Amino acid sequence: MGKFNIVCPDHYPMKCNLSLADKDYLLTPEKYKAFLIFQYRQQDEWIEPTIERYFSERTWRLYNAGKEAGTGTKFCNVCRYALAADFGVVSLTPLNFNVFQEIGLMQGLQKPLLYLINPVHKSELPFDIDDQIYIEHTDSKTLEFGLSNKLPLLLDKLLLITGFKTEQKRLIESKLKNLSHQAVDLLKRIILEGSLSFRSHDLDKWITTSRLWEVSHLRELESQRFIIDRLESGGTRTLHFKGLNEDYRKYLVELLF
């Protein structure tokens, strides 16, 4: 259930508290799952049936918030599909602020997105998407053709992202096994402190004055690159700081708490 092991945006700092029944309902064994994000009213009539048919023919799952069951707040119902989905399919036209919010949620979760645009409304977009994967459609036929051509590109991107994340998480798990219990305890404390950063020599001093750990435990974290050196400009000087490896933070929170 790692997909749901995140801090709830609505109830910070609590974590997602979906029931096991809700999670089991969402995490079914289809190869791919997508979250369909679109404005319901005044939408092109072919959008929903064409995409549903396309996914059904491939036995992939499509989360449509307007048709799915669920408990909790309206945002909770949206968030659960964003978490469970591998990627999003987003109709940008007609413009809708809720759609923009859901795009931000998916981007924050680092989920790739396939955008759909009716070219009649393309000039109304408040941002440039030319560097994104998108489909211009005017009817069911052009949409289906676009899905066949552009979805494989998105799935390649998805495999790259998920493959890297999986390997990085495995690496962090293996590194954690090499730590003593005291070093793990120190690591948890540093994570809980938030954006903790020390001048290189001051971190050793903080460890010593705490009387809870020894400098040797810090050296364990440094040898496994949980704690790393950072260089920052200090006017005419370059300052050396030590702090948590931020690339690891997300996985450490998931694995340690």
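The model is predicted: local features need pLDDT of at least 70, side-chain atom pairs count only at pLDDT 80 or more, and totals for chains, interfaces and linings use all residues. Residues are numbered from 1 along each chain as its sequence is written, and side-chain values use heavy atoms, with hydrogens and water left out.

**Overall build**
- The protein has nine helices and eight strands, taken as DSSP runs (helices H or I, at least four residues; strands E, at least two) numbered from the N terminus.
- Its C-alpha atoms fill a box of roughly 70 × 50 × 30 Å along the principal axes.
- Of the 257 residues, 44% count as buried (under 20% relative accessible area, with a 1.4 Å probe and protein chains only).

**Helices α5 and α9**
- The axes of α5 (residues 140–177) and α9 (residues 246–256) come within 10 Å and cross at roughly 65°; axes are lines fitted to C-alpha atoms over the stretch in contact, and angles run from 0 to 180 degrees between N-to-C directions.
- Residues in contact (heavy atoms within 4.5 Å) include L171 and I172 of α5 and Y248 and L252 of α9.

**Second largest pocket**
- A pocket is an open set of points on a 1 Å grid over the protein atoms alone where a 1.4 Å probe fits, with protein on both sides within 12 Å along at least five of seven lines; lining residues have an atom within 4 Å of a point.
- The second largest pocket is lined by 20 residues, with Y40, K74, V78, N98 and E102 nearest its centre.
- Helix α3 gives the largest share of this lining, five residues.

Notes:
Buried < 20%, exposed > 50% of the residue type's maximum accessible area, 1.4 Å probe, protein only.
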